Amino acid sequence: MEPKKTPLYDRQVALGGRPVEFAGFSMPIEFTGVVDEHLSVRREVGIFDVSHMGEISVSGDNALDYVERLTTNQATGLDPFQAQYTLMLNDDGGVIDDLLVYRRKFDYLLVVNAANTRRALTWVTGHAPADVRIDNLSDETGLIALQGPRAKDVMRQVCGDDNVLGLEPFRSMGATIGDAPCLVSRTGYTGEDGFEIYINASSTGDVWDILMGAEPRPKPCGLGARDTLRLEMAFRLHGSDMDESTTPLEAGLGWTVKLDKGDFYGRDALIRQKESGIPRKIVGLRSDAKRFARRGSKVRSGGEEIGEVTSGGFSPSLECGIALAYVGSKFAKRSTDFKIDVRGQLVDAKYEKGPFYKKPEN
Amino acid sequence: MIPDDLRYSDKHEWVKVDGDIAIVGITDYAQTQLGDIVYVELPSVGTKVEAAASFGTIEAVKAVSDLYCPISGEVTEVNDNVTADPAVIKSSPYGGGWMIKIKMEKKDELDSLLNAEKYRELTGE
């Protein structure tokens with residue numbers, strides 16, 4: 001099947017991005033280089049085409065009840081236009097996807113990973129009660145992420161409504177950029193301040209052009225920098241660091257699971273796993289070796305194999321190797337003597353809790 | 001950027017012949033594809049290398065890649081500048097970014113390498 005093109009495809013190619021196929025879309029890995037793009041986001045501002053993400057609308061009188069059934073976090077109590085990070089599980093407690101849920105005026109908007117849009121849509125549609133309406137808005141929705149400490153300076157210039165600058169994290173509002181009505185959200189996947197801007201697909205190019213005309217000019221960023229930025233924050237990537245055979249308890253995402261909120265898909269399985277014990281857990285590993293652990297590298301300790309790296313590579317901010325790995329639960333602690341087998345060489349690694357990258361105090 | 005006076009492998013290494021010595025590096029096309037290079041591992045002087053076998057690795061941000069030797073022989077010199085600062089591969093892939101010098105064992109292996117015109121065809125440049 002021919003990969004899909006986002007509304008910004010031609011602009012990405014004109015900017016020098018060489019598209020590759022990713023999650024059924026033709027998207028560039030890099031423009032000026034992963035490190036350059038990465039550091040621009042940490043220091044100034046970068047711009048990402050993330051229009052490949054899927055958007056699913058859940059509406060109707062019982063939409064909230066259904067969202068509570070579908071997701072692990074508690075959607076009840078979200079303010080209008082508040083967003084929440086949450087998970088969608090199968091009946092075994094496996095992660096179908098991680099997603100953002102927005103409470104909007106007339107619906108709840110689920111923003112899912114591009115690679116999982118079809119699967120999530122099938123799941124959401126398949127379980128929907130008769131009085132809940134499901135609409136797939138993915139093709140008609142463009143999404144631009146503006147990320148970095150100077151993202152707000154860009155927004156100040158392009159957005160008629162200064163209230164967007166006062167948005168708290170995980171809050172969103174309707175606003176206009178150029179002539180285009182947008183949903184502007186204080187969210188992102190980089191660990192920096194920034195905005196995600198949802199736009200009708202037909203206006204996405206216009207909004208991109210306006211953002212690119214700001215001062216400082218946002219640095220176009222590809223999938224490569226998106227991956228290194230999220231890995232420095234130890235954000236899990238669905239499809240790499242978790243999938244339908246991984247539970248949130250294994251993936252270190254127990255904080256998104258509200259077992260006492262009432263029933264939801266996967267809840268019983270999680271309760272069972274809590275009782276019987278969590279067999280493996282995700283850990284962050286950091287190494288100064290000149291060989292970087294990559295996905296698939298085996299993790300060892302005391303001469304035995306204890307797990308496997310699911311994401312790994314070079315951290316442009318820290319200039320060392322970083323990785324996420326699953327290991328047997330009893331090894332998931334600071335005192336474990338971690339070694340990673342990187343192409344036949346055992347390299348030392350240190351356990352790291354939370355984000356690898358911590359923002360410098362200024 | 002594909003110099004006319006070099007030979008090329010289909011794995012994107014170049015060879016410059018100087019008597020019995022082959023100077024080996026990676027092409028501009030290769031370094032562009034690799035993107036940001038963080039570390040390079042090269043063999044030490046005296047190592048025997050085989051045509052088409054790996055003689056080292058390149059750790060780039062995007063991925064790790066093997067370096068394949070275009071020609072058999074013994075390593076007589078290693079460019080320490082490249083291991084100290086791989087940025088030189090990007091700025092000067094055919095000059096300061098050379099990697100190793102090999103005393104060739106089978107000079108006829110050169111015949112199986114591509115000339116500049118064939119390499120241009122391969123990379124579409």
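How many salt bridges does the count come to over all chains? In this predicted model, the count comes to 32 salt bridges over all chains.

At the interface, 14 residues of chain B are in contact with 14 residues of chain A. The two chains bury about 1300 Å² between them, with 50% of this area on carbon and sulfur atoms. Within chain B, the residues that lose the most area to chain A are Tyr39(B), Glu59(B) and Val61(B), which together account for 41% of what that side buries. Four salt bridges are counted between chain B and chain A. Glu59(B) also forms a salt bridge with Arg343(A), in which the closest N and O atoms are 3.2 Å apart. On the side of chain B that touches chain A, at least two residues each are supplied by helix H1 (28-34), strand E4 (37-41) and strand E6 (54-60). By class, this side of chain B has six nonpolar, four polar and four charged residues.

Salt bridges are also found within chain B. Lys48(B) pairs with Glu105(B) in a salt bridge, the closest N and O atoms lying 3.4 Å apart. Because Lys48(B) lies in strand E5 (residues 48-49) and Glu105(B) in the loop between strand E9 (100-104) and helix H4 (116-123), the pair ties together parts of chain B that are 57 residues apart in sequence. Lys48(B) counts as exposed, at 58% relative accessibility, and Glu105(B) as partly exposed, at 48%. A salt bridge also joins Lys106(B) and Glu109(B), with the closest N and O atoms 4.0 Å apart. Lys106(B) is partly exposed, with a relative accessible area of 39%, whereas Glu109(B) is buried, at 13%.

In chain A, Asp227(A) forms a salt bridge with Arg230(A), with 2.9 Å between the closest N and O atoms. Both residues lie in helix H7 (residues 223-232), three residues apart, about one turn of the helix. Asp227(A) is partly exposed, at 32% relative accessibility, whereas Arg230(A) is buried, at 1%. A network of salt bridges links Arg42(A), Glu192(A), Glu232(A) and Lys359(A).

Helix H6 (residues 201-212) of chain A has 12 residues, which should span 16 Å at 1.5 Å a residue; the end C-alpha atoms are 17 Å apart, in agreement. The buried residues of this helix include Ala201(A), Val207(A), Trp208(A), Leu211(A) and Met212(A).

Notes: Residues numbered from 1 in each chain as written. Chains lettered and ligands numbered in written order. Predicted model: local features only at pLDDT ≥ 70, side-chain atom pairs only at ≥ 80, totals over all residues. Heavy atoms only, no water. Contact = heavy atoms within 4.5 Å. Buried area = accessible area lost by both parts, 1.4 Å probe. Salt bridge = Lys/Arg side-chain N within 4 Å of Asp/Glu carboxyl O. Helix = DSSP H or I, 4+ residues; strand = E, 2+ residues; numbered from the N terminus. Nonpolar A, V, L, I, M, F, W, Y, C, P; charged D, E, K, R; others polar. Expected span 1.5 Å × (residues − 1). Buried < 20%, exposed > 50% of the residue type's maximum accessible area, 1.4 Å probe, protein only.
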